[in-house]
Amino acid sequence: MKILNITTDPVAIREASSDYGNLVHHPPLAVLYPASINDVITLVKHSYESPVPFPVAARGHGHSIWGQAMARGGVVVDMASLRRNNNNNNHDNNGIRVSWSPSLGYYADVGGEQLWIDVLRAGLEHGLAPVSWTDYLYLTVGGTLSNAGISGQAFLHGPQITNVLELDVITGKGELMSCSRNKNSELFLGVLGGLGQFGIITRARIVLDKAPTRAKWARLIYSNFSQFTRDQEHLISMISPNYVEGFIITNVNTTDQWRSSFSSPSDQSDVVSAWKNNQCLLYSIELVKYYHNHTSTAIHKEFEAMVKELSFIPGFIFSRDVNLIEFLNRVDDEMGGLDDDVHPWLNLFVPKSGIQDFNDGVIINMIPTLKHTLDGLLFLFYPLNTNKWDSGMSAVTPPDEDIFYNVALLHSGKANELQILEELNNEILEFCENAGIKVKEYLPHYKSRKDWMQQFGSKWRIFQERKMLFDPKMILSPGQGIFNSY
């Protein structure tokens, strides 16, 4: 196997054995630093043709939680190596290229190893940008498309996977295939949200649109959960806002949450007082309207009319006007970087029909008991429209619901707090099961085939069939634990 950049160096092995979660550490036998896509093809094909195939996992920016990008006893492909080579060779076809066609409009062909922050910057050079984002932009295109890619724009434009026109994918047989809705559609639909089980994304054609220049960004504070959810659902039924997210304020240290400076010190003091008066919990909606400099007067009037209909605590609206990149890049690379903390995140899609029970059973009764670990808890809570998702893709949402909520407990803690946080996660899942709330995990982590079957539900059969079609020897992404048990 003629691969120049495969190594067993202990430093490389150690890095490939870690991720953002810092919860599991599965060392590979080797790490591949590909100089080109051909290196990756050669590696996967060699495994496929070997008498004893070895596992292969593509590692993007290392932001998996439970070792999903690890390959114990196999080879981890460091996709950042492709990005570094592309940056040094601008003629390479797998960097970021912005184009237009009469049939497709504006789009960008983007290497799967590229970071979304760089896609944003490349698009803005042409006055363009993708329409759907993740909150943190220092993630790879291939990584988020293997999950779904969600943020506060997804209620309007759908997740990132529904804004893809075409893919190039290296299958588990070592074949490089182009695919779209009209060409090799089984692979296209399978890979999007497919958790890396059917192929390694090497190129994605992303929908672009004219980019706004500025964002009117507001934070609204609530003390009543029903009003909080009702207003969120009202907002996502409109076409006026461009971004809607919510989060829960659990203590005085999270009153200025979302890992970015927002309120002034006096505003912050007001929120702290409201939190104390409310005796433990507040709810917050973040609301954004994009605009251009020349439309600022009209947009501000439209924004005022929009929030006038909402039921937040009177006077508790805080707003800023920022440029687009300042808003989209509000969670910068340092804030999302790898560290020594553990991050046992729990991301759930909760059906609208169960959201009040979830609030009563989890937010009211469980969360306040964790007073000594709440400082590291970011609790996102916002609704999404099911009709913006493509049911033919691998990603799963709660069945038979028009609206579901993304409920994300983004824990950060020290190693000695891990057991407490994991127990909380398990209690929440157990509560949902006992209450009959049919949640689906986003960024799922399961250890049994039964749990995976339940996760995919009616999609399990076709998920298995696609695995046998595109990765019959179970080579790819073993760290997910779907077909390869650790």
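Good morning. I begin with helix α2, residues 37-49, which lies across strands β8, β9 and β10 and runs at about 50° to β8. Please keep in mind that the model before you is a predicted one.

Which strands form it, and in what order? There are 5 strands in an open sheet, ordered β5-β6-β10-β8-β9, and their pairing is antiparallel. The edges are held by β5 (96-101) and β9 (176-179); each has a single partner strand, so one side of each is left without a neighbour in the sheet. On average, neighbouring strands here are turned by 20° against each other, direction ignored. As a reminder for those new to the subject, strands of a sheet pair through backbone hydrogen bonds, either parallel or antiparallel.

Helix α4, residues 116-124, lies across β5, β6 (105-111) and β10, and runs at about 50° to β5.

Now to the pairs of strands. Strand β8, residues 164-171, is joined to strand β10, residues 199-207, by 7 bridges in the antiparallel sense. Within β10, Arg205 is the residue that stands opposite Glu166. On to β8 and β9: these two run antiparallel and are joined by 4 bridges. Which residue of β9 is the bridge partner of Leu167? The partner is Cys179. The hairpin of β8 and β9 has 4 residues between the strands, and in this hairpin Gly174 takes a positive phi near 80°.

Strand β9 also lets us look at the faces of a strand. In a regular strand the side chains alternate between the two faces of the sheet. In β9, Met177 and Cys179 make up the covered face, while Leu176 and Ser178 make up the uncovered one.

There is a further open sheet to describe. It has 4 strands in the order β1-β2-β4-β3, and its pairing is mixed. Its edge strands are β1 (6-7) and β3 (56-59), each of which pairs on one side only. Between β1 and strand β2, residues 30-32, there are 2 bridges, and the pairing is antiparallel. Here Ile6 stands opposite Leu32 in β2.

I now move to the nonpolar cores. Which residues touch the most other members of the largest nonpolar core? Among its 83 residues, these are Leu145, Leu167 and Phe327. As for Phe327, leaving aside residues up to four places away in sequence, it touches Gln153, Ala215, Trp217, Tyr243, Val288, Tyr290 and Val322. Another core lies apart from this one; it has 41 residues, including Ile236, Met366, Leu409 and Ile437.

Next come the spaces in the model. The count comes to 3 cavities of 30 Å³ or more. The largest cavity has a volume of about 970 Å³. Its lining consists of 48 residues, and those nearest its centre are His63, Gly143, Thr144, Asn147 and Leu443. Two or more lining residues are given by each of β3, α5 (141-145), β10, β17 (377-385) and β18 (403-411). Which element supplies the largest share of this lining? That is β3, with 4 residues.

The largest pocket holds about 820 Å³ of space. It is lined by 28 residues, and Leu429, Glu441, His445, Tyr446 and Asp451 lie nearest its centre. At least two lining residues come from each of β16 (346-351), α13 (418-434), β19 (440-441) and α14 (449-456). The largest share, 7 residues, is that of α13.

I close with two single residues. Is Lys210 buried or exposed? Its relative accessibility is 56%, and a residue over 50% is called exposed, so Lys210 counts as exposed. Lys210 is found in strand β11, residues 209-210. Leaving aside residues up to four places away in sequence, Lys210 touches Tyr106, Gly127 and Leu128. Lys210 and Gly123 are 87 residues apart in sequence, yet their C-alpha atoms are 9.2 Å apart in space.

The other residue is Glu465, found in helix α15, residues 460-470. With a relative accessible area of 42%, Glu465 is partly exposed. From Glu465 to Glu186 there are 279 residues in sequence and 10.0 Å in space, C-alpha to C-alpha.

Thank you for your attention.

Note on methods
Residues numbered from 1 in each chain as written. Predicted model: local features only at pLDDT ≥ 70, side-chain atom pairs only at ≥ 80, totals over all residues. Heavy atoms only, no water. Core = buried A, V, L, I, M, F, W, Y, C linked by side-chain atoms within 4.5 Å. Buried < 20%, exposed > 50% of the residue type's maximum accessible area, 1.4 Å probe, protein only. Contact = heavy atoms within 4.5 Å. Pairing = 2+ DSSP bridges. Axes fitted to C-alpha atoms, helices over the stretch in contact; angles between N-to-C directions. 1 Å grid on protein atoms, 1.4 Å probe; cavity = no way out; pocket = protein on both sides within 12 Å on 5 of 7 lines; lining within 4 Å. Points joined across faces, edges and corners; volume = space filled by probe spheres on them.
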